[in-house]
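Me: Can we go through this one together? I'll ask as I go.

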Amino acid sequence: MLIAGFPAGAWGTNCYLVAPAAGEECVIIDPGHEAAPGVEETLRKHRLKPVAVVLTHGHLDHVASVVPVCGAHDVPAWIHPEDRYMMSDPEKALGRSIGLPLLGELTVGEPDDVRELTDGAKLELAGLELTVSHAPGHTKGSVTFGMPEAADIPPILFSGDLLFAGSIGRTDLPGGDMAEMLDSLARVCLPLDDSTVVLSGHGPQTTIGRERATNPYLRQVAAGPGAGEAPRRGM
């Protein structure tokens, strides 16, 4: 298994390229602001051929490079239908102006081929199996992508802005909802094995076991109501 990730753009959003091995087909997860050069460099370095872009949610910091990346390689983009509008209208998704001139020239809109994700779907792409879990709270259409344990590789969760090391995604933007976030954490994260590696939309990797023991939000949903809030990350 090959997972190559790098933080991209003004928000340091993690973009991941996932393949069975170097020299094979791959899936690109969350090519956000200014991610296209990093994507191309990683493709060359590992001799990868992309077959799809998959998106954990529709915020600009996760989708800003979807159009150029999909266009350059003639591949589809997968997104949950409740977040699809964000690709064409990022300011509506944030509820305010994002100051586009400060971020450089952006190609806002949809790629030629957009496909919609559904809860529980199993995507068979590039020789990989990605299980989609609808996880609203950060946005209405947030999803995670799970990969099963294989050989000596533990299970993996690409958590987007649902779960971070020590925190969770913010819920104060349009479509955000703390009650939905806590429900998603309980449904999607708590049942996972402690060995599950969490590769999130921002910050370092972690594990479900570490977050179960230390993350105040997972501790809250495990113990029931009553725990306080901690700072949240993400756009």
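Positive phi, cores and packing

Reply: Asp-74 is exposed, at 73% relative accessible area (exposed is over 50%, buried under 20%, partly exposed in between, with a 1.4 Å probe and protein chains only). This is a predicted model, in which local features need pLDDT of at least 70 and side-chain atom pairs count only at pLDDT 80 or more, while totals for chains, interfaces and linings use all residues. Residues are numbered from 1 along each chain as its sequence is written, and side-chain values use heavy atoms, with hydrogens and water left out.

Me: Where is Asp-74 found?

Reply: Asp-74 sits in the loop between helix 3 and strand 5 (helices are DSSP runs of H or I with at least four residues, strands are E runs of at least two, both numbered from the N terminus). Its phi is positive, near 50°, and the residue is not a glycine.

Me: And Ala-126, buried or exposed?

Reply: Ala-126 counts as buried, at 10% relative accessibility. It also has a positive phi, about 55°, without being a glycine. Its loop runs between strand 7 (122-125) and strand 8 (128-134).

Me: Switching to the largest nonpolar core. Which residues touch the most other members?

Reply: Leu-17, Ile-28, Val-39, Val-53 and Val-66, out of 23 residues. A nonpolar core here is a set of buried Ala, Val, Leu, Ile, Met, Phe, Trp, Tyr and Cys residues joined through side-chain atoms within 4.5 Å. Elements giving two or more residues to this core include strand 1 (2-8), strand 2 (13-19) and helix 1 (36-46).

Me: What is Val-53 in contact with, leaving aside neighbours within four places in sequence?

Reply: Among them are Ile-28, Pro-31, Val-66, Cys-70 and Trp-78 (contact means heavy atoms within 4.5 Å). Another core, of 21 residues, lies apart from the largest one and includes Leu-117 and Phe-145.

Me: How do the axes of helix 5 and helix 7 cross?

Reply: At roughly 80°, with the axes coming within 10 Å. Helix 5 and helix 7 are therefore roughly perpendicular (65 to 115 degrees; under 35 is roughly parallel, over 145 roughly antiparallel, the rest oblique).

Me: Last one, the open sheet. What is the strand order?

Reply: The order is 7-8-9-10-13-14, with mixed pairing (two strands pair if DSSP finds at least two bridges between them). Strand 7 and strand 14 (206-207) are the edges. Strand 10 and strand 13 pair in the parallel sense over four bridges, and Ile-156 stands opposite Val-197.

Conventions:
Axes fitted to C-alpha atoms, helices over the stretch in contact; angles between N-to-C directions.
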